[in-house]
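Here is a quick tour of a protein model, written to be read with the structure open beside you.

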Amino acid sequence: MHYKLTIIAFLAAFMTSCDDGHVDEKTYVYDNDSYNVQLTGDFSKSNTWSGNYTLALCGFGETDNYATIAKSLASIDGKTTIKLSNIPPETKTIEIAVINILRERMATLYKYDIDNTDNVNDTIKIDVGEMNLGMYAHLNNNLFQGTKTNCSKCHSGTNPRAGLDLSTDKAYSSIVGVASTKSPDKLLVKAGDAENSFLYKVVSIGDENVHYSHTQLMTDEQTMLDILKQWIDAGAKE
């Protein structure tokens with residue numbers, strides 16, 4: 001496949017992203033192999049991600065964890081249509097993703113696979129419906145209810161372990177500003193202070209009053225731990 005690539009204002013865009021975390025859409029010029037995506041959804045909570053992360057509409061290659069193209073979704077709210085133009089042909093998935101300053105994927109909130117049925121010489125239209133893009137929603141779906149950690153397996157139901165109910169609708173009110181039953185002098189989540197939040201402590205470094213298996217649950221979840229810490233430090237917004 002032969003195509004011509006021109007990256008416009010790369011250095012300026014890079015320096016801007018280093019300064020304030022903003023991710024601009026890269027601009028490419030192709031002879032004939034690029035394509036466009038038009039994504040529509042009814043979005044909420046997009047502004048709750050903290051400064052170390054950027055919520056963006058991204059394209060990714062088949063094996064690369066770094067976005068080939070990214071457009072910031074900061075502060076979108078309500079029914080919105082976003083267009084991603086001149087997407088490089090090596091892009092295999094379109095994602096609503098959380099990326100860092102290097103455009104490395106930290107989390108995927110929505111994923112669309114490009115396949116042979118798509119007319120990549122035109123515009124692919126995607127409607128995702130209603131989406132809560134919030135930082136807490138991601139933690140609730142993937143930490144408290146997630147298939148790997150699944151905290152709510154023990155902490156839910158009529159008799160949740162340690163009296164802590166982390167079921168979908170009750171997790172937030174059960175942890176933010178609530179004292180720990182194991183250490184009543186500490187809050188489970190102290191908004192703005194992850195290091196002194198009992199919940200973060202027991203899943204990240206353990207605690208003498210809590211079984212060590214809580215840290216073992218997070219052995220392969222360093223990114224999730226980082227997101228949890230950033231969420232608490234940024235104010236633990238719902």
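## A covered helix

How many of the ten residues of helix α2 are buried? Eight are, so to speak, under cover, and helix α2 (residues 135-144) is mostly covered. Buried here means under 20% relative accessible area, with exposed being over 50% and partly exposed in between (1.4 Å probe, protein chains only). Helices (H or I, at least four residues) and strands (E, at least two) are DSSP runs, numbered from the N terminus.

The buried residues of α2 are Met135, Tyr136, Ala137, His138, Leu139, Asn140, Leu143 and Phe144. Among the elements covering them are β6, β7, α3 (171-175), α4 (198-204) and α6 (222-233); contact means heavy atoms within 4.5 Å.

## About the model

This is a predicted model, where local features need pLDDT of at least 70 and side-chain atom pairs count only at pLDDT 80 or more, while totals for chains, interfaces and linings use all residues. Residues are numbered from 1 along each chain as its sequence is written, and side-chain values use heavy atoms, with hydrogens and water left out.

Two strands pair if DSSP finds at least two bridges between them.

Strand β1 (residues 35-44) pairs with β4 over eight bridges, in the antiparallel sense.

## The four-stranded sheet

Another open sheet has four strands, ordered β3-β2-β5-β6, and its pairing is antiparallel. At its edges are β3 (67-72) and β6 (105-113), each pairing on one side only. Here the twist averages 30° from one strand to the next.

Strand β5 (residues 93-99) runs antiparallel to β6, and seven bridges join the two. Valine 98 faces alanine 107 in β6.

## Tyrosine 66

Tyrosine 66 lies in the loop between β2 (54-60) and β3. Is this residue buried or partly exposed? Tyrosine 66 has 36% relative accessibility, so it counts as partly exposed.

Terms used:
Axes fitted to C-alpha atoms, helices over the stretch in contact; angles between N-to-C directions.
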